[in-house]
Amino acid sequence: MKTKYSIIRPCFNEYGNLKLLLPQLFKIFKNENFEFIVVDDNSDDETVFKLKKIFKNEKKIRYILRKKNRSLGLSIKEGILSSNGNVLIVMDTDFNHRPADLNKMLNTYKKRKYDMICGSRFLKGGSSTSLFRYVSSYLFNVFINLITRGSITDNLSGFFIIEKKIIIKNLKKIFYGYGDFYIRLLFFVQKKNITIKEIPVRYDERKYGVSKSKLFSMLLSYSLETIKVVIKN
């Protein structure tokens with residue numbers, strides 16, 4: 001089967017970032033068969049309306065406007081369900097995940113040695129936006145791997161490439177909530193007989209807007225979700 005990439009971009013009030021990011025991604029995928037799926041969680045900044053005006057001639061972009069139950073995980077699930085590609089790519093829309101790192105991940109995936117490529121801040125060459133965030137996230141990853149018996153160095157990045165067929169049957173079990181979807185995703189895929197490659201990535205500061213993440217409340221809720229997924233499965 002010829003590869004078609006579905007690049008899923010969940011967003012909430014990220015118009016300023018997406019208008020800069022999408023042209024960069026078009027350059028990366030210019031020689032590929034691809035589609036961009038922008039899943040807007042009913043943004044206050046009219047993300048979809050404004051992007052449609054700027055990119056009115058771009059047929060490679062599709063838009064989904066979710067009007068109920070804001071959720072990063074559910075937004076990604078909806079993007080996957082509507083995707084036409086056989087390979088999924090998920091990354092943040094705020095420039096935390098750099099296009100340059102996506103290019104490295106894509107080049108690694110195209111060699112066809114691995115079923116999944118994951119971005120990691122904790123490999124040599126990777127970095128976070130601050131020393132405090134780096135250390136706290138690193139320690140939390142140690143906790144996650146102890147609980148799940150996993151071996152991925154960055155269970156929180158949410159930056160990945162994967163064959164759709166690997167996860168399509170488990171979407172409801174994985175994609176809900178916020179960034180904890182990625183903990184569940186990695187838990188399930190590590191139980192399968194698939195090959196995973198981590199690539200070092202550097203986190204950048206967002207260009208526009210403010211982060212929706214509150215570190216300590218996030219770590220508490222993610223801890224509970226980590227324990228739940230192990231107990232239930």
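1. Start with Glu 35: this residue is buried, at a relative accessible area of 4% (buried means under 20% relative accessible area, exposed over 50%, partly exposed in between, with a 1.4 Å probe and protein chains only). Glu 35 sits in strand 2 (strands are DSSP runs of E, at least two residues, and helices are runs of H or I, at least four, numbered from the N terminus).

2. Before going on, bear in mind that this is a predicted model, where local features need pLDDT of at least 70 and side-chain atom pairs count only at pLDDT 80 or more, while totals for chains, interfaces and linings use all residues. Numbering runs from 1 along each chain as its sequence is written, and side-chain values use heavy atoms, with hydrogens and water left out.

3. What does the side chain of Glu 35 reach? There is a polar contact of 2.5 Å with the side chain of Ser 6, and the backbone nitrogen of Gly 85 is reached at 3.5 Å. (A polar contact is a pair of N or O atoms within 3.5 Å; within protein, one must be able to donate a hydrogen and the other to accept it, and residues adjacent in sequence count only if both atoms are side-chain atoms.) Not counting residues up to four places away in sequence, Glu 35 also touches others, including Lys 4, Arg 62 and Asn 84 (contact means heavy atoms within 4.5 Å).

4. Now look at helix 2, residues 47–54, whose buried residues are Thr 47, Val 48 and Leu 51. Seen down the helix axis, these fall within an arc of 90°, so they line one face (the arc is that of the directions from the axis to the C-beta atoms). On the other side, Phe 49 and Lys 53 are exposed. The buried residues of helix 2 pack against strand 1 (5–11), helix 1 (15–28), strand 2 (34–40) and strand 3 (61–65).

5. You'll find Phe 175 in the loop between helix 7 (171–174) and helix 8 (180–190), and it is buried, with a relative accessible area of 1%. Leaving aside neighbours within four places in sequence, its contacts are Gly 73, Leu 74, Ile 76, Lys 77, Ile 80, Ile 167 and Phe 181. For a sense of distance, Thr 148 is 27 residues from Phe 175 along the chain, and their C-alpha atoms are separated by 18 Å.
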